[in-house]
Amino acid sequence: MQLRELVDAVTGDEPPMGRTVDDIVAAGRRAERRRRTRFATAGAAGLVAVAVAAAITVPALDARRTASALSGAPRPGVSPWPDASPFTFTFTGYDAGTLHVQDPVVVSTAYQIAPVYSDRHTSNDKPVSRDEAIEENTARAKPRLWAYLTVYRPGAFDPAAIKDGRSVRVAGRRAVQATLPFGLDPRNPVEPGNKLFAWEYAHNAWAAVTSISGDTATPSFADLSGLVAGLTPAGPTPAPLPFTVGYLPRGYVPLQVGTHAMPGLSGIATARAGDYGGATYTRPPLRTSGLTAPFDSVEGGIRDGFHIFVTPSTSSNQSPEPGATRCYPGAAHRGGFCNVWSADGSVVVQVSSEGVGGQLPQAELLRIAQGITVADDVRDESTWTPARDALTP
């Protein structure tokens, strides 16, 4: 399975390109520039992608909202935030003026990530139809926004390491704000529309909102600081996954997962594309302290790893191959990816080392893929498995 890169023409029966979901946003690098170009191209190509996320039941997410409503005020001197294990959600979506934080869909050993939408912007997190693409290129179009809230575990985030960060206080809490470089690439000059606002939500625990906007003025730092008061604990709720793993190569450990999304920033960039879930593994484990951004926000952040993606066939740029298993080499014949299609061709499992070092030989990628068991009803979250049980054989 190759995820459609939002605008690539369907390849039909032609050999697939050696690219995976990471290329949708290049793990967050040059995100706005690439996505703006791709959405414009979608209008010319006439691609129509159907988002199926709305058809998927999400009882666990609803339970987290209920827990948040019942949590009450924290006791003086005691943190209300649960001491949750990795791959566990501990907050739910909330509104702050024109900004709307969604339920988190990505969780790792160090953080959780939720998409952030805005009434004043068009969110870059799903494929668009021809008509939508045409509308977005008119004078009436809203500016584009790719934004997400990362809630770090205690000790994971280092505010002092934010380049050119300015210390401020909001609602009595320590905070830092900074303008980020173009494409989030540290080698580039800063871009006024790229902003980071982080605050200490509990002792030694920070949350950070990243905003990549086509409008340099909005969201402003004042808008982003409005998110501070609304972040409250809920749960904890283990992240459910639509698959279980039957084989892992020696030394590889889970790093991050996506629930109803791909793992990492690629999942945030396609949060409404209707994908089922995925996971990223690394060897050795990556450090969980001193962070200033998600693991895959910079090129080379993961040097030896692989991804698991479970998606509907509608997310693929290849024609379905019911019951087929196929592998393809990566760039310079390093790494690559393997696809395993369901018997009816509606679901595809991909295991890929593209974009994460490409160290594993193809035979190992195939063995991992063939050892994955997909949930009986991949569209019904009640049949899924908690990440802590799904990620290891």
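Helices, taken as DSSP runs of H or I of at least four residues, and strands, taken as runs of E of at least two, are numbered from the N terminus, and in these terms Pro80 is found in the loop between α3 (59-70) and β1 (88-91). The structure described here is a predicted model, and its protein chain has 8 helices and 22 strands. Of the 393 residues of that chain, 55% count as buried, and among contacts between residues at least 6 apart in sequence, 67% join residues at least 24 apart.

- Pro80, in the loop between α3 and β1, counts as partly exposed because its relative accessibility of 38% falls between the limits of 20% and 50%.
- The C-alpha atoms of Pro80 and Thr232 are separated by 8.3 Å, although the two residues are 152 residues apart along the chain.
- Val168 has its place in strand β8 (residues 166-170), and with a relative accessibility of 18% it counts as buried, since the term applies to values under 20%.
- From Val168 to Ala198 the C-alpha to C-alpha separation is 9.8 Å, for a pair that is 30 residues apart in sequence.
- When neighbours within four places in sequence are left aside, the residues in contact with Val168 are Arg173, Arg174, Ala175, Val176, Gln177 and Phe197.

**Asp304 and its surroundings**

- Asp304 lies in the loop between β16 (277-282) and β17 (305-312), and this residue is buried, with a relative accessible area of 13%.
- The side chain of Asp304 makes a polar contact, at 2.5 Å, with the side chain of Tyr252.
- Leaving aside neighbours within four places in sequence, Asp304 is in contact with Tyr252, Tyr281, Thr282, Arg283, Val356, Gly357 and Gln359.

**Nonpolar cores**

- The largest nonpolar core has 30 residues, of which Tyr281, Phe306 and Ile308 touch the most other members; at least two residues of this core are supplied by each of β16, β17, β20 (347-352), α7 (362-370) and α8 (387-390).

- By class, the lining of the second largest cavity comprises 7 nonpolar, 2 polar and 1 charged residues.
- The largest pocket holds about 750 Å³ of space, and of the 29 residues that line this pocket, Leu184, Thr292, Ala293, Ser297 and Val298 are the closest to its centre.
- Strands β7, β9 (173-181), β10 (190-202) and β11 (205-213) each supply at least two residues of the lining of the largest pocket, and the residues of this lining divide into 18 nonpolar, 8 polar and 3 charged.

**Backbone geometry**

- Most residues other than glycine have a negative phi, and most peptide bonds are trans.
- Leu184, in the loop between β9 and β10, has a phi near 65°, a positive value in a residue other than glycine.
- Leu184 is buried, with a relative accessible area of 11%, and this residue is also one of those closest to the centre of the largest pocket.
- Ala171, which is not a glycine, likewise has a positive phi, of about 55°; this residue lies in the loop between β8 and β9.
- Ala171 is exposed because its relative accessible area of 65% is over 50%.
- A cis peptide bond, with omega of about -10°, joins Thr218 and Pro219, and Pro219 lies in the loop between β11 and α5 (221-225).
- The peptide bond from Gly235 to Pro236 is also cis, with omega near 5°, and Pro236 lies in strand β12 (residues 233-238).

Key. Residues numbered from 1 in each chain as written. Predicted model: local features only at pLDDT ≥ 70, side-chain atom pairs only at ≥ 80, totals over all residues. Heavy atoms only, no water. Buried < 20%, exposed > 50% of the residue type's maximum accessible area, 1.4 Å probe, protein only. Polar contact = N/O pair within 3.5 Å; in protein donor to acceptor, adjacent residues only side chain to side chain. Contact = heavy atoms within 4.5 Å. Core = buried A, V, L, I, M, F, W, Y, C linked by side-chain atoms within 4.5 Å. Nonpolar A, V, L, I, M, F, W, Y, C, P; charged D, E, K, R; others polar. 1 Å grid on protein atoms, 1.4 Å probe; cavity = no way out; pocket = protein on both sides within 12 Å on 5 of 7 lines; lining within 4 Å. Points joined across faces, edges and corners; volume = space filled by probe spheres on them.
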